[in-house]
Amino acid sequence: MVEGETIENIDKALVQFGFPVGPIQLLDEVGIDIGTKITPILVNEFGERFASPPAVDAIIADDRKGRKNGRGFYLYNQHALPFSLGKNKKRADPMIYRLLQVKPKNQLSASEITERCLLLMLNEAVRCLDENIIQQPRDGDIGAVFGIGFPPFFGGPFRYIDSMGTTKIVDKLNQLTEKYGEKFQPCERLAAMAKLNERFYS
């Protein structure tokens with residue numbers, strides 16, 4: 001989004017992939033202020049890869065908390081329902097792009113957007129396993145499907161990695177690292193598994 005990709009295009013891509021709601025709309029529903037309060041904790045515990053872009057400060061300074069105060073990434077009215085569709089379908093607030101100082105322009109395909117978002121999630125899932133936050137891949141798959149709405153027909157992040165192959169996932173992460181920076185760097189466990197073409201499930 002800070003590169004100019006439109007809010008609707010980002011959310012639409014992830015919904016088409018199978019998530020029940022897009023990440024930006026979800027942030028509006030949960031509360032932008034909640035997300036920004038959690039971010040420093042994550043950065044302190046897990047590093048700069050969880051840091052928000054500096055441009056987000058302008059959104060907070062504009063008193064945008066999401067649906068709760070009717071000021072978020074999307075426009076709201078008093079008759080709209082949460083996650084509403086059809087006639088009540090929300091539109092992005094064009095003022096957001098001014099705050100971010102970008103010109104909205106869809107430059108990426110849905111698959112490119114999904115890949116950038118999804119691969120970060122898959123990499124973090126493997127880190128959780130590596131750091132004993134979860135005990136086994138099955139825990140991560142169940143938690144992701146029921147906790148964050150990971151598309152159930154893919155079976156969860158670890159099942160998805162197995163279906164794609166660790167080698168392919170790591171190759172894609174390396175490509176994104178070269179293009180967008182270290183936050184896409186494959187974690188050690190995933191990189192090691194890719195060298196041996198290992199799976200999480202037998």
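Trainee: Which residue forms a salt bridge with Glu124, and how far apart are the closest N and O atoms?

Mentor: That's Arg49: its salt bridge with Glu124 has the closest N and O atoms 2.5 Å apart. The term takes in a side-chain nitrogen of Lys or Arg within 4 Å of a carboxyl oxygen of Asp or Glu. Bear in mind this is a predicted model, where local features need pLDDT of at least 70 and side-chain atom pairs count only at pLDDT 80 or more, while totals for chains, interfaces and linings use all residues. Numbering runs from 1 along each chain as its sequence is written, and side-chain values use heavy atoms, with hydrogens and water left out.

Now step back to the whole chain. Where the two meet, 12 residues of domain 1 are in contact (heavy atoms within 4.5 Å) with 18 residues of domain 2. Between them, domain 1 and domain 2 bury about 1,200 Å², meaning accessible area (1.4 Å probe) lost on putting the two parts together, summed over both. Carbon and sulfur atoms carry 75% of that buried area. On the domain 1 side, Phe17, Phe19 and Arg49 lose the most area to domain 2, and together those three make up 53% of what that side buries.

As for charge pairing, the count between domain 1 and domain 2 is one salt bridge.
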